[in-house]
Every structure is written in C-alpha cells, then in structure tokens.
Amino acid sequence: MTDRFPGYDVLGKRHTPSWNDKTREVIDQRLAMRADAHRAFTDTQWLTLNALCERIVPQPADRAPAPLAAMIDEKVFEDRTDGYRDGRLPPLGEAWRRGLAGLDAEARTRHGRPFHDLSSAEQDGLLGAVQKGLADHPAWGDMPARLFFEKRAVHDIVAAYYAHPKAWNEIGFGGPAAPRGYVRLQADRRDPWEASEARPGRADQARRENARVGRS
C-alpha cells in the first residue's frame, strides 16, 4: 500500500489538545479489543465472519490488523443498530446470522467446503455471485442475498474498519476533532494540525510536516 501520509501517526495526538478525555477513552477501548473475542456468533459463524471481513477489507501486512470481526460481533451482541434499515432486510442480528449461514451454504453447495476453507479466488467468486443476485440457496430464506452483501456486510465491515485507529494513518484522519473542531473546510485545504498528503516529489516535505502534526 502506498504511504500517502508518510511519517504520520495519529496516536501521537493522544496527549495533545486535539483530543479530549472522552475521545481518548473511546480510542483506548477500540485499541484494547481482542481479535478473538466473540459472543454473538457460534464458532462456525465466527470463522465465516472472519473470512468475509478479510475479503471485504484486506488489511496491510506490515501491521496488526484491526479486529473487524470482533467489532461486528460486539455490534450484534449489543444490538447497536444504525437507527434505520432497508425494510427488505431482517433486524441486525438476524440479518447477520442468516447471511453468514447463506454464505456457508453457498460455499458447500458450489465447492463442497465451508466458506472459510475456500481459496481467496473462490471466496471472491462466490461473493461476486452474491453481489450480482446470483445466490439463491434456501439458507438465505426471504432475505435477498444481494441486499445483505450491499447494505449489511459491506456497510458494517467498512464502517468498522474506518472507525478503528489502525486505519486512520492511511487516510490522514486525526480522529474526532474534540475539542478543536475543523476550520478550513474548503476543498484541498487542511488545518495546521491535520496530516499532509505526499505530493509527487514532495514526500520528504510531507514526512517533516507529519512528524510535527502528529504531536499537535
């Protein structure tokens, strides 16, 4: 993965005016989450969920991954809904359990193995069929597989990834701007304490600027 924000480390802001105590508390909780913890799903569902997360958001190999499956499990266990949902989908927990069962059933029917045992190419092929509405195993019930993929799986997994501090460096995000707030909101402008994106031939300059803003 290209380093768009060289030298930037969002966690350097931990003890700066950029974050207040509540922000630090929430970030610490996310960083402390165990990647192997699950309460909402069975062991089989957990294996399928982990494999699905790895295909939706493949993570960089040069750092420990964000615990996406654990974050989804926590969301389902606590029934932490978004406040809205497509009426064609069942409630949060039921949608996830039925969706994981549908993926596993499709994998066994098409390949004779559970989803987590498929190769990456086989998993991507199956997910492509789901996305195109070409998955119709009875395990899905009356829940459209395509809608589960688009409005539940992708939505929740991508949201979990970018809610975790491990993902923030790669997009130059400084975390919740509390109590500071943002001032320069126009396109291609940034506040002095935000990360600098490397421009062609200016990576060293961005690295120097980011070493500074990581402490501000």
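Modeller: Helix H4 (residues 92-111) and helix H5 (residues 120-131) cross at roughly 115°, and their axes come within 11 Å. Helices here are DSSP runs of H or I with at least four residues, numbered from the N terminus. Axes are lines fitted to C-alpha atoms over the stretch in contact, with angles from 0 to 180 degrees between N-to-C directions. The crossing of H4 and H5 is right-handed, meaning the near helix is turned clockwise from the far one by less than a right angle.

This is a predicted model, in which local features need pLDDT of at least 70 and side-chain atom pairs pLDDT 80 or more, while totals for chains, interfaces and linings use all residues. Residues are numbered from 1 along each chain, and side-chain values use heavy atoms, without hydrogens or water.

On the H4 side, Leu103, Glu106, Ala107, Arg110 and His111 are in contact (heavy atoms within 4.5 Å) with Glu122, Leu126, Leu127, Ala129 and Val130 of H5. By class, six of the residues where H4 meets H5 are nonpolar, one is polar and three are charged.

Now take H5 alone. Its end C-alpha atoms lie 16 Å apart, which agrees with the 16 Å that its twelve residues should span at 1.5 Å a residue. Gln123, Leu126, Leu127, Ala129 and Val130 are the buried residues of H5; buried means under 20% relative accessible area (1.4 Å probe, protein chains only), with exposed over 50% and partly exposed in between. These residues are on the same side of H5 because they cover an arc of only 155° around the axis, taken from the directions to the C-beta atoms. In general, residues three or four places apart point the same way, because an α-helix has 3.6 residues a turn. The buried residues of H5 pack against H4, helix H2 (43-56) and helix H6 (145-163). After H5 comes Gly133, with a positive phi near 80°.

H2 also packs against H4: its buried residues meet helix H3 (68-77), H4, H5 and H6. Those buried residues are Gln45, Trp46, Thr48, Leu49, Ala51, Leu52, Cys53 and Ile56. Thr48 counts as buried because its relative accessibility is 1%. Apart from neighbours within four places in sequence, Thr48 touches Leu100, Leu103, Asp104 and Phe115. Leu103 also belongs to the H4 residues that meet H5.

As for the setting, the protein chain has eight helices and zero strands. Of its 216 residues, 41% count as buried.

How values were computed
Helix = DSSP H or I, 4+ residues; strand = E, 2+ residues; numbered from the N terminus. Nonpolar A, V, L, I, M, F, W, Y, C, P; charged D, E, K, R; others polar. Expected span 1.5 Å × (residues − 1).
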